[in-house]
Amino acid sequence: MVTRHTVSLVAASLLALLTGCSAQKTPDGLPDLVPCKVTITQSGAPVENVEVYLKNKNKEEGWATAGRTDESGTAEMYSLGKYKGIPKGEYIVVLQKTVPDDPDAYKAAIEAIRAGQKPLRDHFKLYSVFDTKYNTEETSDLEVTVEKRTKESFDLGAPVQIEVGKITREDL
């Protein structure tokens, strides 16, 4: 089931990716930012399009941090969606990536809706491509400490397909 938490994380990630980095002055109170990259692999192979969130273990110092992995499985981390880098600290790594049960039909359904037509399918099952324990800060056991320029890698083992919900035509 797609939760509001998942939708919020997806929206924050998309905002981070769409706004990119900026030469704007950082907000008051935002600590100095440290470059940080996180690489995600499964059985040694890079995993593309994973939404990566670093949740500060010290909740009082938590600034929103997010990135999305590229074709090499590496995500460059941003604070508040547009400032390159993250504050120093200890973080829990939260990961999100879902795929539809039939990616080609899913893409065709989106194209049909954009063209004002009725899609052939009304819903799609969604699957996580790795253990769902990585989907929340309460259950993820992945951690990273950021003190200076940081490059951290995590191998999540063999790819899996765990049903986590469905998406309907109205959600597309």
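A nonpolar core is a set of buried Ala, Val, Leu, Ile, Met, Phe, Trp, Tyr and Cys residues joined through side-chain atoms within 4.5 Å; buried means under 20% relative accessible area, exposed over 50%, and partly exposed in between (1.4 Å probe, protein chains only). The model is predicted: local features need pLDDT of at least 70, side-chain atom pairs count only at pLDDT 80 or more, and totals for chains, interfaces and linings use all residues. Residues are numbered from 1 along each chain as its sequence is written, and side-chain values use heavy atoms, with hydrogens and water left out.

**Exercise 1.** Find the residues of the largest nonpolar core that touch the most other members.

Solution. Step 1: this core has 22 residues. Step 2: Ile40, Val52, Leu54 and Leu95 touch the most other members. Step 3: two or more residues come from each of strand 2 (36–42), strand 4 (51–56), strand 10 (89–96) and strand 13 (143–146). Strands are DSSP runs of E, at least two residues, numbered from the N terminus.

**Exercise 2.** Identify the bridge partner of Val52 in strand 10.

Solution. Step 1: strands 4 and 10 run antiparallel and are joined by six bridges; strands pair if DSSP finds at least two bridges between them. Step 2: the partner of Val52 is Leu95.

How values were computed:
Helix = DSSP H or I, 4+ residues; strand = E, 2+ residues; numbered from the N terminus.
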